[in-house]
Amino acid sequence: MASTPSPHTAATAHLNSLLSSSSVNHNKPSNLSFLHASSNPSSIKLLHSSSFSPSISSSSSTTAICNVLKTVESADISLSRDLHGVVSTSKPTILVSEKLGEAGLALLRSFGNVDCSYDLSPQDLCAKISLCDALIVRSGTKVTREVFEAAQGRLKVVGRAGVGIDNVDLQAATEFGCLVVNAPTANTIAAAEHGIALLTSMARNVAQSDASMKAGKWLRSKYVGVSLVGKTLAIMGFGKVGSEVARRAKGLGMHVIAHDPYAPADRARAIGVDLVSFEQAISTADFISLHMPLTPATNKVFNDDTFPKMKKGVRLINVARGGVIDEDALVRALDSGIVAQAALDVFTVEPPPKDSKLVQHENVTVTPHLGASTKEAQEGVAIEIAEAVVGALNGELSATAVNAPMVPPEVLSELAPYVVLAEKLGRLAVQLVTGGSGIQSVKVVYKSARDPDSLDTRLLRAMVTKGIIEPISDTIINLVNADFSAKQKGLRISEERIIVDSSPEYPVESIQVQISNVQSRFASALSENGNISIEGKVKYGVPHLTRVGPFSVDVSLEGNLILCKQVDQPGMIGKVGNILGESNVNVSFMSVGRTVKGKQAIMAIGVDEEPDKDTQKKIGEVSAVEEFVFLKL
Ligand SMILES: NC(=O)C1=CN([C@@H]2O[C@H](COP(=O)(O)OP(=O)(O)OC[C@H]3O[C@@H](n4cnc5c(N)ncnc54)[C@H](O)[C@@H]3O)[C@@H](O)[C@H]2O)C=CC1
Ligand SMILES: O=C(O)C(=O)COP(=O)(O)O
């Protein structure tokens with residue numbers, strides 16, 4: 001029997017073999033992992049990474065892999081996958097479809113090939129996208145389902161250089177396993193300042209009087225304005241921009257109220273703002289400033305029903321999204337005098353039609369979506385999005401992920417070996433199902449000494465899902481699409497936590513994967529209730545299989561595995577070991593478990609190579625062997 005390799009050596013060897021085979025042309029997309037080693041040992045990678053093995057299981061192996069990665073990095077090789085799923089060593093291609101600040105572009109160029117193609121038509125974007133690993137947009141590019149379809153699986157991340165992600169089809173992105181990240185903080189002040197600029201200039205007719213003077217007129221009485229001090233301003237959407245507008249408006253002496261169903265009351269209190277209902281906000285305000293995102297719930301919330309509920313002569317500012325207002329209804333409200341003035345930076349269709357009644361209305365001040373357009377904000381946004389996109393292409397989870405759970409780095413680091421275990425258990429469990437199909441219900445049971453609230457299992461569940469789905473489909477699973485893919489395949493993944501009396505130092509003591517209502521190609525994997533059941537633990541950073549059905553075993557989950565059920569009698573290890581040895585199949589681990597002495601036992605044998613058909617036949621012909629199965633890890 002071969003000696004147990006150290007996790008360090010095993011992981012390095014495994015990674016090396018993956019790296020050296022990275023240019024191999026596979027018909028099926030390569031087994032994209034969403035976990036690979038990081039050059040930062042405290043982090044693991046969770047998105048697409050074409051060539052790195054998930055077999056990273058300890059800090060020592062992580063260090064080893066880091067060394068390999070450093071070699072790769074110094075050779076300026078970056079691994080990515082082309083549109084046919086072929087793993088390539090070329091730099092990733094990043095398409096930037098709208099103007100982005102230089103500092104961000106420089107950062108992107110230091111990492112990949114940057115294609116700045118502005119003003120692409122939807123057709124041109126679709127034509128290009130299958131050659132791109134990342135796409136960076138602002139508000140002017142519609143990233144539709146067609147774009148994700150046209151990407152043919154290559155697009156890994158969409159970076160929105162700004163806040164609003166209403167121009168990205170998030171559902172489609174999630175279905176295609178494409179991460180969407182945004183740059184949520186760098187333009188907050190710019191947008192808030194623009195809101196205040198529109199508020200004050202509208203109140204004093206700055207734009208209109210400027211235009212009239214340039215037309216040779218001097219109309220002092222026509223452009224008498226209204227004062228702001230003491231007036232009530234309703235902020236609709238009390239998030240980052242809304243709060244900053246509120247602060248500034250208070251400085252102007254305004255009474256500020258806000259409506260936001262999700263904003264914490266203490267944040268509002270701290271700024272001296274009262275949180276009120278939608279109706280209260282719109283019916284008492286002299287000025288209404290919009291700062292909520294465009295979502296199905298906010299689409300056209302200002303309409304023929306809501307305008308009449310406003311105070312007559314209200315003034316409206318919109319630096320959020322045009323779509324939150326029914327623009328035809330606003331024209332009617334302006335004509336009827338319900339709305340005295342509106343100042344708009346954003347429009348349902350951008351640019352709006354030249355003959356837009358709204359834009360042409362004399363009581364309306366307009367700017368062409370300039371909220372985020374300051375030099376400072378654009379440099380900040382560019383850097384923020386470039387860092388997020390590079391991080392995502394490196395396989396890291398972004399702190400600004402819009403369609404994936406955000407898992408703090410310390411949690412990621414702690415869960416790393418359990419994440420590997422979870423995927424391997426999923427991968428093993430599905431291979432134990434007869435035909436690998438018909439799975440509807442999977443239960444993942446975590447034994448842990450931790451309080452359930454301090455154990456985030458989303459990652460582990462996603463990895464079990466990945467392990468189960470990938471071997472039986474063409475779908476590449478990552479943290480973005482795991483839940484969606486499971487649902488789409490009719491797979492119900494439930495979770496149970498059992499609190500055990502062990503050290504809470506480790507997040508998980510064991511993970512068990514159960515598949516119910518299926519036939520098994522290895523009947524011994526069925527537990528008493530008829531479910532396929534396997535359990536694993538992390539030992540010294542290495543994932544181990546510790547239970548198969550009712551049988552205890554202990555075998556490191558590396559390489560491949562043969563499970564053999566036999567009558568418990570002497571000499572069995574030797575017999576099967578000999579057959580494997582004769583066929584040059586190297587045995588890496590072996591473990592025997594039984595329920596009762598002299599009855600049935602299970603032998604779990606780790607093998608480096610897949611035994612050929614003849615060898616497998618010979619194992620099956622050993623008289624005491626009742627059943628056996630070969631499983632790929
Ligand atoms: N004109 C421009 O150039 C810019 C426009 N924006 C727009 O402003 C929006 C807000 O940006 P941030 O403040 O950074 O985002 P944020 O996410 O910090 O704030 C949005 C707030 O709206 C609230 N909200 C959600 N649904 C609501 C509803 N039905 N009614 C009331 N409030 C609701 C949320 O709870 C959140 O507090 C963005 O979504 C974007 O569309 C942002 C930056 C620049
Ligand atoms: O950040 C946002 O939501 C904005 O609306 C800014 O849009 P822009 O990047 O200037 O097209």
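Analyst: In this predicted model, the cover over the buried residues of α9 includes α7 (188–203), β8 (232–236), β9 (255–259), α10 (265–271) and β11 (287–290). Contact means heavy atoms within 4.5 Å. Helices (H or I, at least four residues) and strands (E, at least two) are DSSP runs, numbered from the N terminus.

User: Which residues in α9 are buried?
Analyst: Val-241, Gly-242, Ser-243, Glu-244, Val-245, Ala-246 and Ala-249. Buried means under 20% relative accessible area, exposed over 50%, partly exposed in between (1.4 Å probe, protein chains only).

User: How many residues does α9 have?
Analyst: Helix α9 has 12 residues, 240–251, and reaches 17 Å from first C-alpha to last, close to the 16 Å expected at 1.5 Å a residue. That expected span is 1.5 Å times one less than the number of residues.

User: What comes just after α9?
Analyst: Gly-253, with a positive phi of about 85 degrees.

User: Switching topic: what is the mean pLDDT of the protein?
Analyst: The mean is 84, and 85% of residues reach 70 or more. pLDDT is the predictor's confidence in each residue, from 0 to 100.

User: Where does pLDDT stay under 50?
Analyst: Over residues 1–46 and over residues 48–88. Where pLDDT is low, the predicted coordinates should not be read in detail.

Notes
Residues numbered from 1 in each chain as written. Chains lettered and ligands numbered in written order. Predicted model: local features only at pLDDT ≥ 70, side-chain atom pairs only at ≥ 80, totals over all residues. Heavy atoms only, no water.
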